[in-house]
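Dear colleague,

Please find below the structure that I am handing over to you.

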Amino acid sequence: MILAGDPCRPGATPVAGGVNFALFAAHAEKVELCLFRDGLEERIELPERSGEIWHGFVPGLETGAEYGYRISGPWAPEMGHRYNAAKLLIDPYARELTAPLRWDPLMQGGGGPMRPDRRDSAPVMPRSRVCAVEKLLWNSPATPWPETVIYEAHVKGLTMLHPDVPPALRGTFRGLATEPVLAHLRALGVTAIELLPVCAFIDDRFLVEKGLRNYWGYQPAAVFAPEPRYGTREDFRAMVRALHAAGIAVLLDVVFNHSGEGDGAGPTLSLRGVDNAAFYRLAEGGRAYVNDTGTGNTLNLSHPFVLRMVMDCLRHWVEEMGVDGFRFDLAATLSPT
């Protein structure tokens with residue numbers, strides 16, 4: 001059973017008696033919520049649309065539930081639309097994913113410029129996970145800016161070969177929060193650590209075909225969710241608390257200039273299948289992607305909802321995850337002017 005729900009809070013929001021789902025998809029014709037239980041997929045059509053937001057409320061659903069979306073609409077690349085209900089989509093507001101993203105041929109949205117790829121991508125796609133939405137109190141350090149010493153670091157790079165970090169914790173948020181790493185940072189006089197991208201990202205096709213992985217993380221696929229290979233949402237929070245207790249602020253390198261979906265030949269993971277014409281800056285009537293970033297696409301922050309998503313994401317990392325500040329990757333490309 002599904003009820004009308006509330007359009008005001010995008011994402012999956014647990015409330016009394018169930019979970020509310022709301023998704024921006026301005027050009028969609030139908031939005032199906034896909035719930036995964038015991039390995040089976042249940043598809044439920046969202047019953048209501050308020051303006052450009054589709055929404056519904058599932059009674060009895062709880063935190064931890066796994067879900068995704070399938071969205072029907074026009075396949076008309078010449079107009080900027082690339083809907084393909086065969087592709088399971090990550091919620092753009094997903095706060096956690098069930099597994100890392102690694103390119104697979106089933107993720108391809110198009111079978112060519114004129115037709116969609118009808119293969120089901122669900123077998124290779126991670127699920128979005130329903131998480132509690134809660135603002136927490138954080139004991140952030142108050143080092144004056146002129147006295148701040150910023151240390152740029154990679155979660156895996158800083159911890160993977162450290163001899164005093166337990167092997168099971170190396171390359172993870174929890175590993176970065178261990179006393180040997182904290183002692184090292186304190187000895188250097190560090191007052192703020194700037195982490196290279198920690199949002200969920202994809203291992204690109206050209207890397208997978210070479211048997212490699214995306215090390216740096218600059219191909220985001222779910223900007224609200226921590227990268228699963230580094231740990232869980234609570235692992236990230238535990239890391240922040242440990243760093244704060246050591247007097248070290250936490251800054252994130254965030255990527256809002258593009259996504260890991262690439263150009264028209266790239267995979268359909270989330271934004272492309274939700275509303276390609278809204279989320280990306282397009283050219284040639286919609287057929288081609290503006291590529292100011294050199295990665296195949298450029299996010300359209302001049303669109304009101306895309307800008308809202310970015311602002312909601314920043315608030316999420318501050319209020320729910322304890323982050324103290326941000327470094328914006330390719331900041332000059334965030335505005336078309």
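I begin with Lys-87, which is in contact (heavy atoms within 4.5 Å) with Tyr-69, Arg-70, Leu-106, Met-107, Gln-108, Gly-109, Asp-117, Arg-119, Ser-121 and Thr-268, leaving aside residues up to four places away in sequence. The model is a predicted one, in which local features need pLDDT of at least 70 and side-chain atom pairs count only at pLDDT 80 or more, while totals for chains, interfaces and linings use all residues. Residues are numbered from 1 along each chain as its sequence is written, and side-chain values use heavy atoms, with hydrogens and water left out.

Lys-87 sits in the loop between β9 (81-82) and β10 (101-102); strands (E, at least two residues) and helices (H or I, at least four) are DSSP runs numbered from the N terminus. Lys-87 counts as buried because its relative accessibility is 0%. Buried means under 20% relative accessible area, exposed over 50%, and partly exposed in between (1.4 Å probe, protein chains only).

Leaving aside residues up to four places away in sequence, Arg-237 touches Glu-134, Leu-136, Trp-138, Glu-320 and Met-321.

The largest nonpolar core has 93 residues, of which Phe-21, Tyr-69, Ile-193 and Phe-236 touch the most other members. Its largest share, seven residues, comes from helix α7 (residues 304-319). Such a core is a set of buried Ala, Val, Leu, Ile, Met, Phe, Trp, Tyr and Cys residues joined through side-chain atoms within 4.5 Å.

The largest pocket has a volume of about 280 Å³, taken as the space filled by probe spheres set on grid points joined across faces, edges and corners. A pocket is an open set of points on a 1 Å grid over the protein atoms alone, where a 1.4 Å probe fits, with protein on both sides within 12 Å along at least five of seven lines; lining residues have an atom within 4 Å of a point. Of its 15 lining residues, Arg-9, Arg-95, Val-133, Asp-312 and Glu-320 lie nearest the centre. Helix α7 gives the most to this lining, with five residues.

Finally, the whole structure contains zero disulfides, a disulfide being a pair of cysteine sulfur atoms within 2.5 Å. The sulfur of Cys-199 is too far for a bond because the closest cysteine sulfur, in Cys-313, is 5.7 Å away. Cys-199 is buried at 10% relative accessibility, whereas Cys-8 is exposed at 52%.

Yours sincerely
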